[in-house]
Amino acid sequence: MAHAPLYGRFDWADLDLLVQRLSLISEKGLAGTAFTAYLVTRSTQKYYGLSLEELTEHYLRHQGEIMAFSASACSFSGMVVRINVRFHQGLQGPQAQFIIGTGSKARNRAIREMLEGKWSGEAIVAEKEGKKSSSQSRWQDFSIPAFSVRPKLPNPFTGMTYDKPTLTLTDHFYFDPYTTADAIVTLLNRLSNTFLDGALFHLRLETTDGDYHMHLDRAQLDFMFQHRREKLLMIYMDAASLDGQWINLRLSYHPLLTGPNGEMDVTSHQADEIMAVVSDNLGLAIPPPTIPARLQTAFHFDAGEFSLSELVRSMEEISRYYLQRIPPVAFLSTHYGQSFTGLSMYQLKKIFGRHQQDVAVLSLGITHVMTGQTMSLMYQFPEKKAAPTASLSMMWGDSRKHEAVQTLLEERLGLEPGVNQAEAAIPDLKTVPATSLCLVNLPWEAHGVNESWRLIQEVMEEAGLRVKPFKAQQAHQQWDETMQAVHEADLFLADFTYQQADILYRLGIAQAMGKTIIGMIQDDQAIPPHLQELPLIPYTNNREGRALMAQELAVRLGELG
């Protein structure tokens, strides 16, 4: 009796070690069948049909720019092994997955041991001798999740067979995020019955609060869609047949995603037909509207009517009803140079009571670290007779929530919109003092970033500026470190090429504080709508391009004074 394939993850170490293990799998487990690889970079360069040696060559050439690569092998007897490694830009590290389908439980487990570097050769030798492997006792039985394929009889989906070569293809597409769970299940049933000989799909789901839900069945998927839809971040669906057909679907519900929100990998001799079925069921002919630009607005308020208790109550209500109960955190500075960061609402009440007459800046913020969503409300109390002002900066990906939060604050706190541009804490080009501090935000793991940093240092120091690099902090340190760094800086320089969540998060805070902002972006990248209003320096990511970027930066600094 043929056994179901093994699905799972393995720890990513380095490519050389992985290539050694795949070569061992080819020799010992797949009768010498060679692996064929596919690689795609973040600039959408794609390489198909690579040998393991060619994969290594392209990996080294594009190191730091790789989005994903996969390698698969299918023997003449129908045994298939496939691995897929994806590289994430945020806090999450590389994710490596495998599918092993040989028809033999012992051989599946032995190949898994080879992939994980644990194999001793016992399983396949014992299988050849008709004995039970002693290594099998170290494994728990793997079972496919109870995801029923419906309808079973009769099957309305006609199977398709073609005499075509097997291809591995990747495609991106738009899908309606309000597609129902029933529609997704119907699509999986159709793919399973038509292309995968009834192979079961493995479902995993990730939420915005960091939870992973593994081995979902139909009832559990329905529950998540009905009761936790606001928390959905990613749904992963994959299945493989014993003859080497493989389908991997990923649907993103990220609230700030501006590009295609669906992605699929297909290894099949019917790849085009599979992609057509997915596109017909989930794809949209017209991309969904661009996610609304961030909310950035400023207000007047009467300092004599200011109520801290009402402010705290309003922020807690916003957190409870709109922003997934993430607790607000406060920052306070005085006219005498004292600063207090990372304050809870209880601590804020105590600190504010002691320094009430000397408060210069009071800022309250809510940040979702995983998705990069931010909301910041900042009050400024000038020493002179100038009118006090407040500014609201919000990037939550939902215009309805933006409007609801703004209306609540105006009604509860007596904020009056319509501050003049000159009075508001909205960023604009202005003169930079010679002793200014520049906070530099770069994608520190990207290709060529060290040379970019060296050139930026030289230009800034020659212009008489102090330079401070900012690198991502741990989640529990992020608010304290960011507020302190942005508060001290006069100039904010950031590379937005990869739209990293931590850099966009600091951008929102810098805008709320009225800092001068200069952006950089590689010239082969489209400029997102919410960044088009910023002064940007496009550049090519090579030695000549980075040198020209430094020259343009020097010109921009000269224009600032």
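Colleague: Which residues in α11 meet which in α14?
Modeller: E451, S452, L455, I456, V459 and M460 in α11 meet R543, R546, A547, M549, A550, L553, A554 and L557 in α14. Contact means heavy atoms within 4.5 Å. The residues of this contact divide into 10 nonpolar, one polar and three charged.

Colleague: What sort of model is it, and how are residues numbered?
Modeller: This is a predicted model, where local features need pLDDT of at least 70, side-chain atom pairs count only at pLDDT 80 or more, and totals for chains, interfaces and linings use all residues. Residues are numbered from 1 along each chain as its sequence is written, and side-chain values use heavy atoms, with hydrogens and water left out.

Colleague: At what angle do α11 and α14 pack?
Modeller: About 25°, with their axes 10 Å apart. That makes α11 roughly parallel to α14 (angles under 35 degrees count as such).

Colleague: Switching to aromatics. How many pairs?
Modeller: The count comes to 14 aromatic pairs. Rings of Phe, Tyr and Trp (its six-membered ring) pair if their centres lie within 6.5 Å; planes under 30 degrees apart count as stacked, over 60 as edge-to-face and the rest as tilted.

Colleague: How are the rings of Y59 and F87 placed?
Modeller: Their centres are 6.3 Å apart and their planes at 45°, so the pair is tilted. Y59 is in helix α2 and F87 in the loop between β5 and β6, 28 residues apart.

Colleague: Is Y59 buried or exposed?
Modeller: Buried, with a relative accessible area of 11%. Buried means under 20% (1.4 Å probe, protein chains only).

Colleague: And what do F306 and F381 form?
Modeller: An edge-to-face pair, 5.5 Å centre to centre, with 80° between the planes. F301, F306, F352, Y379 and F381 form one aromatic cluster.

Terms used:
Axes are lines fitted to C-alpha atoms, for helices over the stretch in contact, and angles run from 0 to 180 degrees between N-to-C directions. Helices (H or I, at least four residues) and strands (E, at least two) are DSSP runs, numbered from the N terminus. Angles under 35 degrees count as roughly parallel, over 145 as roughly antiparallel, 65 to 115 as roughly perpendicular and the rest as oblique. Ala, Val, Leu, Ile, Met, Phe, Trp, Tyr, Cys and Pro count as nonpolar, Asp, Glu, Lys and Arg as charged, and the others, Gly among them, as polar. Buried means under 20% relative accessible area, exposed over 50%, partly exposed in between (1.4 Å probe, protein chains only).
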